[in-house]
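We will go from stop to stop, picking residues and looking at what surrounds them.

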Amino acid sequence: MPHPEFSATFAAMNQADLDRLSSGIRDVHDFPKPGIIFKDITTVLSDPELFHLAISGLIETAGDVKIDKVIGIDARGFIFGAALADRIGAGFVPMRKKGKLPWQTIGKAFALEYGEDEIELHKDALHKGENVLLVDDLLATGGTAGAAVELISQLGANLIAVSFFIELEFLNGREKLGDDVRIEALLKY
Ligand code: AMP
């Protein structure tokens with residue numbers, strides 16, 4: 001497996017720790033479709049030290065800014081986002097797949113690396129001017145995060161950064177998020 005590049009943003013993290021995190025990810029070939037190498041992060045989550053390290057790395061993306069709410073994207077973004085929110089004393093907001101949120105929503109359809117989907121946010125989940133951090137496990141083509149950024153902007157929240165555990169750089173997902181959004185990724189492949 002090629003050695004991943006680490007973002008300068010995470011300089012406070014020990015290189016050996018980052019290497020351990022990278023080794024903890026399991027590559028699953030041809031899942032969920034032929035040709036896709038799926039980055040399986042369940043092997044990181046099930047290891048208490050690696051899970052703690054992953055959250056510590058993601059916390060650095062917020063810097064010194066007081067974050068009011070962390071938004072996690074359905075479904076693996078919930079795991080990282082909720083743990084991060086609790087550690088920094090922020091609230092947690094789920095950005096869910098269509099039809100899952102019970103109250104009034106705003107929604108946005110997007111194309112995936114493998115398929116199509118739509119995500120939704122409760123209309124009152126974020127307030128104008130609140131400092132928010134968007135979190136997901138992985139940036140691939142950027143369709144999901146791009147739609148999420150648009151919904152956050154519709155509600156008038158102040159998006160401090162979009163933070164991923166993993167970025168697949170060769171898919172150029174950053175381009176779909178716009179130039180005025182700070183994008184951070186702990187591990188880049
Ligand atoms: P995208 O919208 O293409 O950036 O896809 C990002 C979403 O799809 C994330 O929520 C990931 O959980 C998932 N995803 C896409 N590609 C992969 C991959 N190769 N390995 C693991 N998860 C992936």
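Start by selecting Lys98: at 52% relative accessibility it counts as exposed (exposed means over 50% relative accessible area, buried under 20%, and partly exposed in between, with a 1.4 Å probe and protein chains only). Before moving on, note that this is a predicted model, where local features need pLDDT of at least 70 and side-chain atom pairs count only at pLDDT 80 or more, while totals for chains, interfaces and linings use all residues. Residues are numbered from 1 along each chain as its sequence is written, and side-chain values use heavy atoms, with hydrogens and water left out.

**Around Lys98**

Lys98 lies in the loop between S5 and strand S6 (105-112); strands are DSSP runs of E with at least two residues, helices are runs of H or I with at least four, and both are numbered from the N terminus. Leaving out residues up to four places away in sequence, Lys98 touches Glu118 and Glu120, where contact means heavy atoms within 4.5 Å.

**Helix H4**

Next, select residues 76-88, which form helix H4. Its 13 residues should span 18 Å at 1.5 Å a residue, and the end C-alpha atoms are 19 Å apart, which agrees; the expected span is 1.5 Å times one less than the number of residues. Which residues of H4 are buried? They are Gly77, Phe78, Phe80, Gly81, Leu84 and Ala85. Among the elements covering them are helix H3 (48-59), strand S5 (91-97) and strand S9 (158-167). Just after H4, look for Gly89, which takes a positive phi of about 75°.

**Two stops on strand S8**

Select Asp137, found in strand S8 (residues 131-139). Asp137 counts as buried because its relative accessibility is 6%. Show side chains and you can find a polar contact of 2.7 Å between Asp137 and Arg76 (a pair of N or O atoms within 3.5 Å; within protein, one must be able to donate a hydrogen and the other to accept it, and residues adjacent in sequence count only if both atoms are side-chain atoms). Beyond four places in sequence, the residues that Asp137 touches include Ile41, Phe80 and Phe164.

Slide along to Asn131, also in strand S8. Asn131 is buried, with a relative accessible area of 16%. Its side chain makes a polar contact of 2.7 Å with the side chain of Asn158. Val65, Ile67 and Ile160 are among the residues that Asn131 touches beyond four places in sequence.

**Rings to finish**

Colour the aromatics: the structure holds 4 aromatic pairs (rings of Phe, Tyr and the six-membered ring of Trp with centres within 6.5 Å; planes under 30 degrees apart are stacked, over 60 edge-to-face, the rest tilted). Phe31 and Phe38 have ring centres 5.2 Å apart and planes at 85°, so this pair is edge-to-face. Phe31 is partly exposed at 43% relative accessibility, whereas Phe38 is buried at 13%. Phe78 and Phe92 are also edge-to-face, with centres 6.1 Å apart and planes at 85°. This pair links distant parts of the chain, with Phe78 in helix H4 and Phe92 in strand S5, 14 residues apart. Then select Phe51, Phe80 and Phe165, which form one aromatic cluster.
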